[in-house]
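Here is a short report for a first look. Keep the sequence and the model side by side as you read.

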Amino acid sequence: GGGDGRGGMTAVLAMPNKENEASAIEPIVVYSEKDLQKEMETVLSRLANTDQDHWLKRLESLRTLQGLVRGGANEYDSFLPLLKDMKAALGEAVADLRSTLVKEACATVEVLSVTFGDAFAPIAEGLIPMLFKQLPVKIQVVYEACNQCLVTLLSHTRGPKLLPRVLEGCRSKQGIVRSKAMEGLNLCMQGWHPADLERHCDAIEQLIVSLLKDSQADSRKAAREGLVAFGQIWEARGKAVMHSLEPQTQRLVLAADRG
């Protein structure tokens, strides 16, 4: 699970979008940095306007952003710096109350994560808490969009500041956030370079141990899978944790390892 944006456009076109919404987005081709700057300024001014009656324009601006990537605008050097100006506005869209807007924002973030890989990390770090915050929302499409977005993000974009955000999620008071954050942490342990995880080793171990006893079955399951992934990176420490567990929990972890 590398995060260096391999595959460029082909990866974007192969995005796992439900009901193939991505196919409805037309590529937008710009022929100069200057044109791109104009387009991006328009996107930002529309996306940043959170007035109630303006939300369709925000939706449109998200689709424009995806269209620009589909048209290859991400090849321009100025694309990423211009995108960084939209960090707050993208976060607002992810955190919105309108499910249609949230869904489009998540689709946009997925496209950007797959396209830019690790270079998307400075923007991604601020989005992770917003995505977690939406998980307890009782609207299925919001929950599904945000969960899928987290999976894509943590599979394609790595960065030292992302991990603390995931660890924060594992400590949430909301059970659904703890379990999904632990699943996200497992993706990091399975796909990231161990050097990117090293300085958080103690915190990861403590969270696994605590979530193995969580009140939520999903959190316990994710923590068992987490211990397996942990032991593959830090073998001696993984064994020590395993030995400290109740026999019943040990059996469940072994079953997760085989599964």
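## Terms and leucine 162

A residue is buried when its relative accessible area is under 20%, exposed when over 50% and partly exposed in between, using a 1.4 Å probe and protein chains only. This is a predicted model, where local features need pLDDT of at least 70, side-chain atom pairs count only at pLDDT 80 or more, and totals for chains, interfaces and linings use all residues. Residues are numbered from 1 along each chain as its sequence is written, and side-chain values use heavy atoms, leaving out hydrogens and water.

Leucine 162 has a relative accessible area of 1%, so this residue is buried. Leucine 162 belongs to helix α9. Helices are DSSP runs of H or I with at least four residues, numbered from the N terminus. Contact means heavy atoms within 4.5 Å. Setting aside neighbours within four places in sequence, leucine 162 touches Ala121, Ala124, Glu125, Ile128, Leu154, Thr157 and Trp192. Glycine 117 lies 45 residues from leucine 162 in sequence, and their C-alpha atoms are 13 Å apart.

## Helix α8

Helix α8 covers residues 140–156. The expected span is 1.5 Å times one less than the number of residues. For the 17 residues of α8 that gives 24 Å, and the end C-alpha atoms are 24 Å apart, which agrees.

Several residues of α8 are buried, including Val142, Tyr143, Cys146, Leu150 and Leu153. The buried residues of α8 pack against α6, α7 (121–134), α9 and α10.

## Helices α9 and α10

Axes are lines fitted to C-alpha atoms, for helices over the stretch in contact, with angles from 0 to 180 degrees between N-to-C directions. The axes of α9 (residues 162–170) and α10 (residues 175–191) come within 7 Å and cross at roughly 145°. On the α9 side, the contact involves Leu163, Val166, Leu167, Gly169 and Cys170. On the α10 side, the contact residues include Val177, Arg178, Ala181 and Leu185.

## Aromatic pairs

Rings of Phe, Tyr and Trp (its six-membered ring) pair if their centres lie within 6.5 Å; planes under 30 degrees apart are stacked, over 60 edge-to-face and the rest tilted. The count is two aromatic pairs. Phenylalanine 79 and phenylalanine 116 are stacked, 5.5 Å centre to centre with 25° between the planes. Phenylalanine 79 sits in α4 (residues 79–84) and phenylalanine 116 in α6 (residues 99–116), so the pair ties together parts 37 residues apart in sequence.

Phenylalanine 230 and tryptophan 234 have ring centres 4.9 Å apart and planes at 50°, so this pair is tilted. Both phenylalanine 230 and tryptophan 234 are buried.

Definitions and conventions
Helix = DSSP H or I, 4+ residues; strand = E, 2+ residues; numbered from the N terminus.
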